[in-house]
Amino acid sequence: MRLNVDGLLVYFPYDYIYPEQFSYMLELKKGLDAKGHILLEMPSGTGKTISLLALIVAYLHNNPAELTKLIYCSRTIPEIEKVLEELRKLLAYYKKEVKEEVNFVGLALSSRKNLCIHPEVSGERDGKIVDARCHSLTAPHVRERHTDNSEVPVCSFYEQFDANGRDTMLPNGVYNLDELKNFCAEKGWCPYFFARWAIQQANIVVYSYHYLLDPKIAEVVSKEMPRNAVIVFDEAHNIDNICIDSMSVKITRKLIDRCQTSVQTLESELSRLRDENSTKLEGEYQALVDGLRAVQERRETEQVLANPALPEHVLKEAVPGSIRKGEHFVKFLRRLIEYMKVRLRVQHVVQESPAGFLADINSKVCIDRKPLRFAAERLASLLRTLEISHSADFSPLVAITHFATLVSTYTKGFTIIVEPSEDKVPGAFNPILHLSCLDASIAIRPVLERFQSVVITSGTLSPLDMYPKMLDFHPVIMASFTMTLARQCILPMIVSKGNDQVALTSKFEARDDTAVIRNYGALLAETVAIVPDGVVCFFTSYLYMESVVAAWYEQEVIDQIQRHKLLFIETQDAAETSLALLNYIKACENGRGAVLLSVARGKVSEGVDFDHHLGRAVLMFGIPYVYTQSRILKARLEYLRDQFQIRENDFLTFDAMRHAAQCLGRVLRGKTDYGIMILADKRFSRNDKRGKLPKWMQEHLKDSMCNLSTEEAIQVAKQWLKIMAQPFTREDQLGVSLLTIEQLETTDMQKKIQEKVQQG
């Protein structure tokens, strides 16, 4: 259908539209007109992806001068594929409806591991090995050697691409990873480098968050992206954690030991080069005097990537004299590694600021701030000069120079924590040094400053005002949408006590209370007796799940559950979990029914959708607070309190509730779907917890459902399931939760749509 969204002609590739999709597009359009950043929360399963694509593609089509590109960031490969499928439908519809030719190219970019077609390299399982082997076949010096001596192996696919691929315009259309591989395989080109080159000319690029948020990768991949692009972060409820991870470094004792062998290799390579070809080292020295900018503009196959985060003005400076000569730099590295080794000899936890660390390293081994800041660049330059293609051996050194650069560039927003042993295995001496980023806005600031519009969207972004505080930006539009339903297809209930009136809670004090565990078991056993097909349960942690399941075995709860359904459990092993999931789906498909026990913040809670019969009920046992004794978390809470005036308790509750909402949202994947959401913890009924659930869940959580016992909850669910079992057709939805173009354009409907939007 053709829509008029605030004066913009939008082609929408379906015959029907949800009211919230239209209001979503209206808000999005306002934000793009204002050339500002946008924060939108839209219920899961209401066609968020197609609304985003339809509106932004129409905007690109009608205002090519103002907007030139859409960069769509998603988290996982299946999600990327899903976006491209929607885009394919949309562009096919454009072809049918629009008379003139629409020149749109949509493209996915992923790692070498997912795109390589070299017969030997692509067989490797580990991404790092694929990168290293690719580098050993495509590095500039390897190719130079190949021209002199044809025995030296190079990658034929890259050679072909380099010779012919750079003049080719990609034909219009949408290319997912497999189609990109096939397109390139026919021509004998390398898909990875072709994709990296083609994203410059594509109008719509779909890739992972890290290509924009991780400075080490963004510098290489996304440097050329135009300013007037719109960036979409989909499923962005965890965006602050992704920002923080991309700027944090962890240094272990093992890494330091590997650094020492790497330095020896580096030294022997240096002396070899000094004997063979001293002019080369002279040339490098000269380049470093002139500054790093020139060194930066290098060829694309160089693997030792850009520095973590040097500001522009620093790159124009000359490299400090003390590390310009190769042998001086190696001695500098040795001093740095020795110092780090001493720092790791701790008996108790040490925490200090980067400024304190810099003062200490200066007084102990006379290393000052400036050479540290250039360490990552200097190492990259040296490895290039030495023509080392097996740079996998140098990854520990790269890690330690990244640490040096970060610690000396940022004095605020970071902390250093040295622990004698990891949290997981207390007692074993395994010292570890964390350089932990506390401020999520550091990684995302360059993106927010550089691009004209950034859209942050997800099904669970409540409370909305938390994100602008944490990421330190001012959105022009903040809105949360509710769900229009023809029948009440979600049933949220808070079960706060068992049949024996014992309060249900996963509070630390009540963790080992057998009465609570028994009541949790009874709740699950009674739920599986009345709910058809699949039931998914979430615990607060692996440890808690293990202790509860062990207790259930003794109390014979497991036997009761297995009378009705098969039982599957998520473990920390990814392969085991995938197998459990496959069998869970099989059991639901053939009517046997199944229960899946999993963990909030685990793999299942984030990426797996249990649509229709795969998830008819979800149980959240307890509130999934993060492990609060972690020192890194404590430091971050302190920073949030001092910098952004966010109270500790507010942040912890917000974090727990967004994960709980993520788990609960797994069961509802569309308006024809239905599911029961049981929050089994008395603390959920408090206002500070309840108020942080997404609007579309709060709407259906009646006050009478906030303090139920197990028995009452089961009675309510029974009644509700009977209603849900009645036939439900498209006709029942029409005019209420599903609109034709005529219904959408009536004035009543337009008025209703305006009322539905809750401005943040």
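1. A starting point for reading this structure: two strands count as paired if DSSP finds at least two bridges between them. Keep in mind, too, that you are looking at a predicted model. With that in hand, take strand 16 (residues 534-539) and strand 18 (residues 594-599): they run parallel and are joined by 6 bridges.

2. In general, the strands of a sheet pair through backbone hydrogen bonds, in either a parallel or an antiparallel way. Here the sheet is open and has 7 strands, with parallel pairing, and the order across it is 17-18-16-19-20-15-21. Which strands stand at the edges? They are strand 17 (566-569) and strand 21 (708-709); each has a single partner strand, so one side of each is left without a neighbour in the sheet.

3. Next, look at what packs on the sheet. Helix 25 (residues 542-554) touches strand 16, strand 17, strand 18 and strand 19 (617-621), and its direction makes about 140 degrees with that of strand 18. Helix 30 (residues 648-665) also packs on the sheet, where it touches strand 16, strand 19 and strand 20 (675-680). The direction of helix 30 makes about 155 degrees with that of strand 19.

4. On to charged side chains. How many salt bridges does a search of the whole structure find? The count is 44. One of them brings together the side chains of aspartate 162 and arginine 143, at 2.6 Å from N to O. This pair links distant parts of the chain, 19 residues apart: aspartate 162 belongs to helix 7 (residues 156-164) and arginine 143 to helix 6 (residues 140-148). Aspartate 162 is partly exposed, its relative accessible area being 27%.

5. A pair within one helix is worth a look as well. Arginine 272 and glutamate 276 form a salt bridge whose closest N and O atoms are 3.3 Å apart. Both residues lie in helix 13 (residues 253-276), 4 residues apart, which is about one turn of the helix.

6. Arginine 641 is partly exposed, with a relative accessible area of 38%. Elsewhere, salt bridges with shared partners join Asp240, Arg601, Arg636, Asp655 and Arg658 into one network.

Conventions: Residues are numbered from 1 along each chain as its sequence is written. This is a predicted model: local features need pLDDT of at least 70, side-chain atom pairs count only at pLDDT 80 or more; totals for chains, interfaces and linings use all residues. Side-chain values use heavy atoms; hydrogens and water are left out. Helices (H or I, at least four residues) and strands (E, at least two) are DSSP runs, numbered from the N terminus. Contact means heavy atoms within 4.5 Å. Axes are lines fitted to C-alpha atoms, for helices over the stretch in contact, and angles run from 0 to 180 degrees between N-to-C directions. A salt bridge is a side-chain nitrogen of Lys or Arg within 4 Å of a carboxyl oxygen of Asp or Glu. Buried means under 20% relative accessible area, exposed over 50%, partly exposed in between (1.4 Å probe, protein chains only).
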